[in-house]
Amino acid sequence: MSAKIRCAILDDYQQVALSYADWSSLEDKIETQVISQHIADEDTLVKSLADAEIVVIMRERTPFTAALFARLPKLKLLITSGMRNASIDLDAAKKHGVTVCGTGSGGSAPTELTWGLILGLARHLVTENNALRGNGPWQSTVGLGLSGKRLGLIGLGKIGQQMADIGQAFGMKVVAWSQNLTAERAEQHGVELAASKEALLATSDVVSIHLVLSDRSRGLLDAADLALMKPSALLINTSRAAIVDQAALIAALQQGKIAGAGLDVFDVEPLPADHPFRSLPNVLATPHIGYVSDGNYRIYFSEAVENIEAFLAGKPIRVLSA
C-alpha cells in the first residue's frame with residue numbers, strides 16, 4: 001500500500017477544521033496534521049510543512065510568498081478559504097507547479113459583525129457591561145441613536161448592499177461612494193451617491209468601509225480624510241487595515257478627532273500585545289472574526305475536502321490564477 005499524502009491545515013485557531021466537514025472520504029489517501037497555533041517565523045513554518053504536499057490555509061492568516069513557495073518543493077496543492085487571497089503569490093505558485101484552489105464564502109457574517117461593532121460603539125455596550133459586572137455605575141453613558149443619522153458606505157458591493165439594507169431598516173439615511181460607483185447603481189439600492197469621498201466623510205455619522213484591498217484602495221483614507229469627519233462620528237473597518245492610514249487613525253483616536261472606531265482588521269495579525277488598538281478607550285476591536293461563523297466554516301472545510309478529492313482525481317476545481 002502506498003504511503004499517504006501529508007496534508008497540513010494551518011491556523012485552525014478554534015480547532016474545528018476536522019469537525020466542520022466530513023473528511024472520511026480522504027482517510028485512506030491523506031494523513032492530516034492540524035496546526036492550531038499561528039507560526040510567524042518562516043524557518044519554523046518551513047520545517048513544519050517540509051513534507052506536506054497539500055496545505056489548507058485560512059484566509060490571509062499565513063501569507064504564501066515567492067520565498068516560501070521556493071522552500072517547499074514537495075507542495076503540490078494549496079487551498080485557501082474564499083476565492084480571493086491577496087497574501088498568496090499566484091505567479092510564484094505557478095512557477096513552482098503548485099495548484100491553488102479556493103472555496104465559497106458567505107457575505108452575511110462580515111455584515112453581521114460590522115453591525116455588532118456599530119451598535120457596540122453607539123450604545124457603549126462594553127463600558128456599560130463592564131460597569132454592570134463590576135457593580136459600577138448604573139448607567140454612565142448616553143448612546144448614539146441611529147435612526148435619522150447618516151450612514152456613509154465606502155463601497156457598495158455585496159456586503160455594502162447588505163449594510164445599506166440594514167441601515168435603512170434602522171431608519172438611517174444611507175449614502176455611498178467608491179471610485180466606480182454610479183448614481184444609477186446607487187439608486188437601484190435606494191442609496192444616495194455622495195458627491196465625493198470627502199463629502200461622504202464630512203457629513204456621515206457612521207462611516208463603514210467595504211472595499212477590496214487593491215492598489216487604488218490602499219491608503220485611501222489618510223490623515224487629511226480623517227480630519228474631515230465629525231468629532232462625533234464613528235469609523236468602522238471590517239475590510240482591510242491598509243485601506244486606512246493606521247498611524248493617522250491612531251492619532252485621530254488619541255486626539256479625539258473622531259468619537260470612535262470599530263475594527264476587525266489590522267496591519268499586523270495577531271495584533272502585537274502593546275498595540276494602541278488594544279488599549280484605546282474609544283476603540284471596539286475584534287480579532288479578525290468577520291468571516292468566522294459556523295456557516296462559513298462549513299463551506300470552507302467541506303469545499304476544501306471537495307478540492308482535495310478533485311485534485312487527487314486529476315481534475316482540480318475552483319482553481320485560482322494570477
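How many salt bridges does the count come to by the rule used here? A salt bridge is taken as a side-chain nitrogen of Lys or Arg within 4 Å of a carboxyl oxygen of Asp or Glu, and by this rule the count comes to 11. The model is predicted, so local features need pLDDT of at least 70 and side-chain atom pairs count only at pLDDT 80 or more, while totals for chains, interfaces and linings use all residues. Side-chain values use heavy atoms, without hydrogens and water, and residues are numbered from 1 along each chain as its sequence is written.

One of the salt bridges joins Glu60 and Arg240, with the closest N and O atoms 2.9 Å apart. The pair links distant parts of the chain, 180 residues apart: Glu60 sits in the loop between β3 (54–57) and α2 (66–70), and Arg240 in the loop between β10 (234–237) and α10 (246–254). Helices (H or I, at least four residues) and strands (E, at least two) are DSSP runs, numbered from the N terminus. Glu60 is partly exposed at 25% relative accessible area, whereas Arg240 is buried at 18%. Here buried means under 20% relative accessible area, exposed over 50%, and partly exposed in between (1.4 Å probe, protein chains only).

Lys230 pairs with Asp205 in another salt bridge, the closest N and O atoms being 3.0 Å apart. Lys230 is in the loop between α9 (223–228) and β10, and Asp205 is in the loop between α8 (197–203) and β9 (206–209), so the pair ties together parts 25 residues apart in sequence. Lys230 is partly exposed at 26%; Asp205 is buried at 11%.
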